[in-house]
Amino acid sequence: MTVAPEFTLRVRRDEPMSRHTSWHVGGPAEVFFNPRDRADLAAFLRSLQDDVPIHWVGLGSNLLVRDGGLKGVVISTHGTLDRLDRINQTTIYGEAGLACARIAKQCVKWGLGLAEFFAGIPGTLGGALAMNAGAFGGETWRHVVEVETIDRRGQAHTRAPKDYNVSYRHVVPPVSDEWFVAAKLAFEHSPDVNEAQVRLLLERRKASQPIGEWSCGSVFTNPPGDHAARLVDTAGLKGFRIGDASVSQKHANFIINHGNATAADLERLIKHVQEAVERVHGVRLHPEVRVVGVAV
Ligand SMILES: Cc1cc2nc3c(=O)[nH]c(=O)nc-3n(C[C@H](O)[C@H](O)[C@H](O)COP(=O)(O)OP(=O)(O)OC[C@H]3O[C@@H](n4cnc5c(N)ncnc54)[C@H](O)[C@@H]3O)c2cc1C
């Protein structure tokens, strides 16, 4: 695909998506763009032809990019669009590329409670809005006051939570081809909140999850009234391996890339686990991880 002359030296072509996902797999992005700021992002979007596919990536912590990569454009918000401000006693303003861990940390400093859960999410605010990410009983959209979005013509919009259909790890936007650039989030004034509480949550998580290994967190959403990890474990799948990918011994809803797994190995393993769990328990598990791109 062609890129407008003012962006030709600023985009990366055939950028391996394995560099931008926590599973460390994924083929090349045809064109990879990291905007400097919102005006730059709007100008880039305006420069694209109408039929160019547009993908977004934050920290790639919930993304399986297939080995054949992504056609079109990948917009990366990480390391940019990361403003974080307190706008009144209980409300903060964050841009989409902001790391969730920073929100948790800064809210503690500001004496704002209920943001601690963000410490457990190794992604960006944009990704958390797209996924309704949650941890330790907290959930992103419970705190959303308003979001700012941008469409493929570079046009900005402000939207209310009621414009979105939000459920567990699932968010349906009012229109397609519109993405998050910022959000206002409300928390509780809570002078007692402190870093030790956040540390305790993270230690608890470290005891039960293979933190530090290459994963995308939970692969499957929990079915109503049950836990995907329990179903996978009791189907005897812990340690089951395809290529260099295996079901974690520590947490059955995690799949680990031991170093040389391909996206195809991971996808095959996901399918195998789905089928085995359905055979044993009669329950169909649904991937939480977003699978995108072209298979080889
Ligand atoms: C070790 C580990 C633990 C995890 N624990 C949890 C957990 O406890 N709870 C939980 O909910 N998740 C967890 N996750 C999954 C993941 O961190 C979250 O889903 C996170 O919100 C994804 O954010 P991201 O920036 O990495 O998004 P990405 O993986 O980059 O993208 C995810 C999806 O969001 C879309 N997206 C990204 N940015 C935008 C944007 N600005 N506008 C519109 N769409 C966008 C992408 O296109 C993609 O479809 C864990 C992952 C790991 C690796």
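I find 3 bridges joining strand 6 (residues 84-86) to strand 7, and the two run antiparallel. Strands here are DSSP E runs of at least two residues, numbered from the N terminus, and two of them pair if DSSP finds at least two bridges between them. The hairpin leaves 4 residues between strand 6 and strand 7. I looked up D85: its bridge partner in strand 7 is Y93.

Ground rules before I go on: this is a predicted model, where local features need pLDDT of at least 70 and side-chain atom pairs count only at pLDDT 80 or more, while totals for chains, interfaces and linings use all residues. Residues are numbered from 1 along each chain as its sequence is written, and side-chain values use heavy atoms, with hydrogens and water left out.

Strand 7 also pairs with strand 15 (residues 178-186), antiparallel, through 5 bridges. There, I92 has L185 as its bridge partner.

Next, burial (under 20% relative accessible area, 1.4 Å probe, protein chains only). In strand 7 (residues 91-95), 5 of the 5 residues are buried, so the strand is largely enclosed by the rest of the structure. I checked both faces: T91, Y93 and E95 are buried on one side, I92 and G94 on the other.

Last, rings. I counted Phe, Tyr and Trp (six-membered ring) pairs with centres within 6.5 Å, calling planes under 30 degrees apart stacked, over 60 edge-to-face and the rest tilted. That gives 9 aromatic pairs. W56 and W179 have ring centres 5.5 Å apart and planes at 15 degrees, so they are stacked. W56 sits in strand 3 (residues 54-57) and W179 in strand 15, 123 residues apart. W179 is buried at 13% relative accessible area.

Definitions and conventions. Buried means under 20% relative accessible area, exposed over 50%, partly exposed in between (1.4 Å probe, protein chains only).
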